[in-house]
Amino acid sequence: DQGLAKTKENVFQKLSRAVAGKSKVDDEVLDNLEEVLITSDVGVDTTLKIIRRIEERVERDKYLGVEELNRILKEEIAALLEENNSGDVDDFELPAGEDPYVIMVVGVNGVGKTTTIGKLAYNFKQAGKKVVLGAADTFRAAAIDQLEVWAKRVDVPIVRQDMGSDPASVAFDTLKSAKASGADVVIIDTAGRLHNKINLMNELSKIKKVMEKIVPGAPNEVLLVLDGSTGQNAFEQAKQFTKATEVTALALTKLDGTAKGGVVIGISDQFKIPVKYIGIGEKMEDLQIFRRGEFVDSLFS
Ligand code: GDP
């Protein structure tokens, strides 16, 4: 179980309630299913896509029973996640040959970015990796301090400068230090000021350029952190960040407190970006590798 107890009960119960007393998958059942998916934050476009795929199956098998609906829906959701390579990572191993592997983390304040970086550091360290953190969100003093708290908690080095210093300069220092100490993985925090999109784009591309100079190919990963409990806001943020930079993976946080895990399905489908990690609590152990099969099971069993 991926700790998504609320999600599990909700989607399953909603669907069961919606189709109670029905035997055939007819238009009314499909309408009910559509509503269940929309209210589970799957998003309109992805919901319609799923409904279309189920309609096609009903076309092929006109006597499809309602008891089959769970199985079919499960298959279609699993297929959507698979198409975007969501849940394809098995563990906190890293591709060999990168020295170091560089993860640039983006996302707006409050979504759980710092916490996710701390949790990632913990997990990589547990997996035997040498981790270095870079505090390139220099816009807020609190962001630097919070990251430092996590660095101490997990016991990994952090490279920081004063608030207001150049984020690219922090990234530069971090990669230099990581290279010098033979680190395996570097995790760089960045500021997520969406209200100033041009600044955001410039800042992220400048950080990338500087990092490339020290570690060719860096960043290996641009991880967008989204609060999985915010539904439409998470979609909107994904839209803005994918416009500002090339996002390669998603971390969905706060799925422990939500009955709306459907956001995972919709966002990976709409933006064609794999979901790699999910946050299911505030502690360092509360980050999981996203596992497609387990996630889909948890929605239905
Ligand atoms: P940032 O501003 O994006 O860096 O956000 P923080 O990492 O400071 O997190 C904001 C709040 O969300 C903090 O109180 C965290 O403890 C909390 N938080 C982060 N991730 C999770 C999660 O997966 N589950 C829960 N329940 N809370 C989380």
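User: How do the residues of the lining of the largest pocket divide into nonpolar, polar and charged?
Analyst: This is a predicted model, in which local features need pLDDT of at least 70, side-chain atom pairs count only at pLDDT 80 or more, and totals for chains, interfaces and linings use all residues. Residues are numbered from 1 along each chain as its sequence is written, and side-chain values use heavy atoms, with hydrogens and water left out. The lining of the largest pocket divides into 5 nonpolar, 10 polar and 6 charged residues.
User: Which residues lie nearest the centre of the largest pocket?
Analyst: Gly110, Gly112, Lys113, Thr115 and Lys254 lie nearest its centre, out of 21 lining residues.
User: Which helix gives the largest share of that lining?
Analyst: Helix 5 does, with 5 residues.
User: Turning to the second largest pocket, which residues line it?
Analyst: Its lining consists of Lys24, Val25, Asp26, Asp27, Leu30, Glu55, Val58, Glu59 and Lys62. They divide into 3 nonpolar, no polar and 6 charged. Helix 3 gives the most to this lining, with 3 residues.
User: And at what angle do helix 3 and helix 10 pack?
Analyst: Helix 3 (residues 44–60) and helix 10 (residues 262–271) pack at an angle of about 90 degrees, and their axes are 8 Å apart. Helix 3 is therefore roughly perpendicular (65 to 115 degrees) to helix 10.
User: Which residues make the contact?
Analyst: Asp45, Thr46, Lys49 and Ile50 of helix 3 and Ile265, Gly266, Asp269 and Gln270 of helix 10 make the contact, meaning heavy atoms within 4.5 Å.

Note on methods: Axes are lines fitted to C-alpha atoms, for helices over the stretch in contact, and angles run from 0 to 180 degrees between N-to-C directions. Helices (H or I, at least four residues) and strands (E, at least two) are DSSP runs, numbered from the N terminus. Angles under 35 degrees count as roughly parallel, over 145 as roughly antiparallel, 65 to 115 as roughly perpendicular and the rest as oblique. On a 1 Å grid over the protein atoms alone, a cavity is a set of points where a 1.4 Å probe fits but cannot get out, and a pocket is an open set with protein on both sides within 12 Å along at least five of seven lines; lining residues have an atom within 4 Å of a point. Ala, Val, Leu, Ile, Met, Phe, Trp, Tyr, Cys and Pro count as nonpolar, Asp, Glu, Lys and Arg as charged, and the others, Gly among them, as polar.
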